[in-house]
Amino acid sequence: MQIIKKKEEFRESLLSWYHREKRDLPWRNTSDPYYIWVSEVMLQQTRVDTVIPYYERFIDSFPTMEALADADENDLLKMWEGLGYYSRARNLQAGVREVVESYGGEVPDTRKEISTLKGVGPYTAGAVLSIAYGVPEHAVDGNVMRVMSRLLLIEDDIAIPRTKKIFEDVVMDLIDKKDPSSFNQGLMELGATICTPKPKCLLCPVRDFCTAFHEGRQEELPVKTKKTTMKVIPVASFAIQNEQGEWLLRQRPAKGLLAGLWEFPMIELLDGKTLPEKVKEQFDIELEEFVELLSFKHIFSHITWEMKSFKARMTEAETIPKGFKFFTNQEVEALPKPVPVIKIWEEIKRGE
Ligand code: SF4
């Protein structure tokens, strides 16, 4: 690892660029720790452009921590619908409830206390502390690791969790104590707009300080070993109507993948049986008028669903499978659904 010798000059270059070029994002016009917290949770694994409308709707609906603490889970999930990683929403609400109940509605301003809140990891803690409270604390995510690995030629594998500590120490050494908010946001902004996987070094405000650039090695960094291959699961989903034209759905379990969201009956197709056989085996019903809808892939962080979807009918002679209920079109529309179910539902609406 190299070191940056002229730290003050480095900070000045980064901060003046940030103040000049920063994107006007809704959460940058506030220092309310709750709003910053919401934005940081939404931004995990999700692009800024996608987050903006979600953030605005969320803050409109739950303008205070008390409002979010009191919110019904279905309303919360509906607000998060399409954003993915739904446990983030539940953890955010649980963390906010802790603040309301145990901290008199004030988000704690020390790393020790804020880190005890549900869903608040080292990155979110550092982001809220530095941006809302001006506390010089590191906020290291994948973007920041990419930038710092290039600036300082850090060749440790960022896929290994303990490597993060190296970057946290480096940021703590460099951080601007007078304006840690702009320093951290400047690094994030640089990673998001200039020091991207294909870096735009000729536009970079800190190029003079960048070891990887001087050695022509910027595209080799960060070092990140490949994840093991992703498991692919073939899945079939059935949008089943009764004779009144209502749709059969169930709520997924409260824990695990897509917890608490609503779905059409779904089966994994791993054993080579035909669709009607599988439906009979799993739900003990016989379906009529099978129509194929959409085929698509849905990629989670660790598995991919290779999804086939169908529309079908169920007669009154059949018993509703356990855990399922029929819903009218309007009710289906209002239920919080995961992205694959939304895609199928949109396709059904297009065809009607
Ligand atoms: Fe990243 Fe290039 Fe700037 Fe170095 S010079 S920090 S590699 S954009």
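Predicted model: local features only at pLDDT ≥ 70, side-chain atom pairs only at ≥ 80, totals over all residues.
The ligand sits in the largest cavity.

Two packed helices are described by the angle between their axes and the distance between the axes. Helix 11, spanning residues 180–193, packs against helix 9, residues 142–151, at an angle of about 85 degrees, and the two axes are 8 Å apart. Helix 9 is therefore roughly perpendicular to helix 11, since angles of 65 to 115 degrees fall in that class. On the side of helix 9, the contact is made by N143, V144, R146, V147 and M148, and helix 11 contributes L187, M188, L190, G191 and A192. Seven nonpolar, two polar and one charged residue make up this contact.

Helix 11 also packs with helix 1, residues 7–21: the axes cross at roughly 70 degrees and come within 9 Å. Helix 1 and helix 11 are therefore likewise assigned as roughly perpendicular to each other. The residues of helix 1 in this contact are F10, R11, L14, L15, W17, Y18, H19 and E21, and those of helix 11 are S182, F183, Q185, G186, L187, E189, L190 and T193. The contact of helix 1 with helix 11 divides into eight nonpolar, five polar and three charged residues.

Terms used. Residues numbered from 1 in each chain as written. Heavy atoms only, no water. 1 Å grid on protein atoms, 1.4 Å probe; cavity = no way out; pocket = protein on both sides within 12 Å on 5 of 7 lines; lining within 4 Å. Sits in = over half its atoms within 2 Å of the grid points. Axes fitted to C-alpha atoms, helices over the stretch in contact; angles between N-to-C directions. Helix = DSSP H or I, 4+ residues; strand = E, 2+ residues; numbered from the N terminus. Parallel < 35°, antiparallel > 145°, perpendicular 65-115°, else oblique. Contact = heavy atoms within 4.5 Å. Nonpolar A, V, L, I, M, F, W, Y, C, P; charged D, E, K, R; others polar.
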